[in-house]
Amino acid sequence: MNPMIRKELRQRMRERRGWILPSLYLVVLGAVVAFAYFLTTLDRGKAIVQGSTVGVVMFLTIAYAQLALLLLMAPIFSAGSITIEKEQKTMSALLTSLLTSEQIWWGKFVSSLLFVLLLLVTSLPVLSMAFAFGGIGPWEVFSATITTVIILAFMNSIGLFCSSAFRRSIHATAVSYATVVALGVVTAILFFVRLQLYESGVAHASTGSWESIPLDIRVPMYLNPFFFLTSSFAPPRQLYPAWTTCAGVYLGFGVLAVALTLRNLRRSRDV
Amino acid sequence: MIAVEQVRKTFNGTHALDSFTLHVAKGELFGLVGPNGAGKTTLMKVLATLLPVDSGSAQIGGLNVNTQTREVKRLVGYMPDQPGVYQDMSVREFLEFFAAAFHIPRARQKAVVDRALARSGLADRSHDAVEQLSFGMKQRLVLAKTLLHDPKVLLLDEPATGLDPMARIELRAQLKQLQAEGITILISSHILSDLEDICTQIALIGAGRNATDSEGQSVIRLHVPQVPQVQLRTYEIELVGDSAPAARLAEAITGVRVVESGSGRMVVEIEGSDENVSAFLRALVTGGVNVLRFDPRTLGLEERYQRTFGDRR
């Protein structure tokens with residue numbers, strides 16, 4: 001086993017946030033689910049609420065809330081993990097050991113990803129409540145989980161890149177959060193503003209399907225993690241083009257972030 | 001063991017190292033002395049494979065530190081000027097992590113860590129958290145970590161900074177012991193008395209270049225016997241009474257030159273072997289000069305440092 005992974009996991013689990021954050025995460029997720037259940041089953045006159053409707057609403061609520069919470073937590077674990085070595089002056093000890101830059105990166109990546117995956121796993125009992133109501137199949141759960149893992153892995157690699165590029169954890173974390181906001185919010189605003197302008201154009205009719213929207217307007221959404229998650233709810237044969245494009249974009253930028261992080265690690269020898 | 005030839009390293013147009021040359025033989029305890037910003041840390045980082053050189057060559061054990069980094073890392077133990085530790089680990093966990101990081105086989109790790117703990121005197125603190133150790137103990141822990149993989153060369157960048165006198169004495173003893181074990185040590189420090197006590201040679205560095213002292217030497221030999229057949233030596237003589245007759249007597253002796261004279265003391269330069277010195281002293285006494293003290297005058301490292309770098313501040 002890579003000694004970096006063992007060291008990182010040991011240190012992370014000893015931190016106070018090692019148990020505070022999972023507790024907080026489950027409390028918030030539980031509250032969101034309870035609120036969604038309450039809203040769905042609220043007495044709306046004579047209408048009877050189908051169990052499958054409750055199941056779908058709860059599943060979607062959990063999936064999006066979980067992604068939002070984990071996107072907020074990912075930078076906490078990844079953005080400080082290389083800068084902390086610089087801050088506590090242990091970087092030169094790592095770089096003069098026989099650990100390669102790849103091993104150092106992998107150790108940091110796996111440990112920070114495992115921690116957010118731990119949160120993902122702890123929410124499974126909450127997610128399983130959606131099954132009790134029906135309307136949700138194993139495929140939806142599987143594809144949503146895989147997509148969430150891809151997004152988190154991507155965000156971790158971005159966080160590690162920021163951590164390798166800055167000397168202080170606070171700066172790396174701030175830029176990581178800015179990236180989360182840019183991907184989750186700015187891309188959506190950009191898309192909807194441009195779509196509005198496009199649809200309000202005299203020569204254009206209202207857009208019907210996703211594919212009928214011009215590519216240059218759609219492009220920002222391929223970076224949006226919530227859109228990526230939404231595209232994963234499609235049946236397996238309809239994953240192309242939206243989901244596969246998102247996966248390709250995330251994979252491409254993720255690989256770029258890894259390459260830049262490794263370059264920074266090799267250059268960060270002057271510490 | 002360490003061969004640095006015409007090394008140049010520039011940061012944003014400033015030469016941190018400028019055609020610096022250094023040779024350290026196997027088994028030496030070699031000191032590196034210079035003012036702040038002289039390039040000592042840069043040189044240490046270059047040798048520790050942390051910084052690539054712009055030009056020139058730096059080798060350790062015949063291995064190029066720029067291109068054969070992995071092999072050099074196996075050979076070298078590096079202790080930076082501000083060594084860091086993982087505060088939330090125990091002493092043993094800290095050493096175990098670095099034993100694994102140096103690819104010491106799992107079966108050997110316990111024995112290696114136990115040896116490092118015993119060597120550093122931290123065996124009874126092995127289960128304590130690193131944050132509970134004093135500064136001196138942390139330094140010992142970092143040195144123990146540096147020695148885990150049995151390096152042939154130790155690069156120590158200001159290891160005594162911040163240590164109390166007792167810890168400094170222990171460090172000096174440990175370094176002498178390591179040298180006796182055959183490890184080549186390059187150490188930089190501002191504590192000149194420490195270096196003077198333990199080093200075999202000391203190199204002077206200023207503004208990234210080889211600096212020379214008032215005697216024109218860039219490397220000062222300290223604990224290596226050096227008794228050439230013919231040499232010029234300086235003696236300081238304390239006298240009873242007026243020094244003028246003694247000075248006249250001394251000037252009359254071949255191979256003796258009076259450098260200073262007055263108020264009961266005289267400084268002379270004597271050319272030749274020990275016999276010449278002995279004959280000069282005999283001539284003074286038989287000539288009626290009352291000699292109170294007759295001492296060879298050598299420049300201490302501190303005096304040489306002051307003369308070399310004093311006017312550059």
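Trainee: Does one read the crossing of α4(B) and α5(B) as left-handed or right-handed?

Mentor: A crossing is left-handed if the near helix is turned anticlockwise from the far one by less than a right angle, and right-handed if clockwise. In this predicted model, α4(B) passes α5(B) in a right-handed crossing. Helices (H or I, at least four residues) and strands (E, at least two) are DSSP runs, numbered from the N terminus. Residues are numbered from 1 along each chain as its sequence is written, while chains are lettered from A and ligands numbered from 1 in the order in which they are written. Because the model is predicted, local features need pLDDT of at least 70 and side-chain atom pairs count only at pLDDT 80 or more, whereas totals for chains, interfaces and linings use all residues.

Trainee: At what angle do the axes of helix α4 and helix α5 of chain B cross?

Mentor: Axes are lines fitted to C-alpha atoms, for helices over the stretch in contact, and angles run from 0 to 180 degrees between N-to-C directions. The axes of α4 (residues 106-120) and α5 (residues 135-146) of chain B cross at roughly 140° and come within 9 Å. Angles under 35 degrees count as roughly parallel, over 145 as roughly antiparallel, 65 to 115 as roughly perpendicular and the rest as oblique. The two helices α4(B) and α5(B) are therefore oblique to each other.

Trainee: Which residues of α4(B) and α5(B) meet?

Mentor: Two residues are in contact if their C-beta atoms, placed from the backbone, lie within 7 Å. From α4(B) come B:Ala116, B:Leu117, B:Arg119 and B:Ser120, and they meet B:Arg140, B:Leu141, B:Leu143 and B:Ala144 of α5(B). This contact has five nonpolar, one polar and two charged residues. Ala, Val, Leu, Ile, Met, Phe, Trp, Tyr, Cys and Pro count as nonpolar, Asp, Glu, Lys and Arg as charged, and the others, Gly among them, as polar.

Trainee: How do the axes of helix α6 and helix α12 of chain A cross?

Mentor: Helix α6 (residues 101-122) and helix α12 (residues 242-267) of chain A have axes that come within 9 Å and cross at roughly 120°. That angle makes α6(A) oblique to α12(A). The crossing of α6(A) past α12(A) is right-handed. Among the residues that meet are A:Trp105 in α6(A) and A:Leu262 in α12(A).

Trainee: In what order do the strands of the open sheet in chain B stand?

Mentor: Strands of a sheet pair through backbone hydrogen bonds, either parallel or antiparallel. Two strands pair if DSSP finds at least two bridges between them. In chain B, four strands stand in the order β2-β1-β4-β5, with antiparallel pairing. At the edges are β2 (14-24) and β5 (63-64) of chain B, each pairing on one side only. Strand β1 (residues 2-11) of chain B pairs with β2(B) over seven bridges, and B:Val7 stands opposite B:Phe20.

Trainee: How many residues does each chain give to the contact?

Mentor: Chain B gives 20 residues and chain A gives 16 residues. On the side of chain B that touches chain A, α3(B) gives the most, with four residues. The predictor assigns the complex an ipTM of 0.83 and a pTM of 0.80.

Trainee: Where in chain B does pLDDT stay under 50?

Mentor: pLDDT is the predictor's confidence in each residue, from 0 to 100. Residues 225-229 of chain B stay under 50. Where pLDDT is low, the predicted coordinates should not be read in detail. Chain B averages 86, and the mean for chain A is 87.
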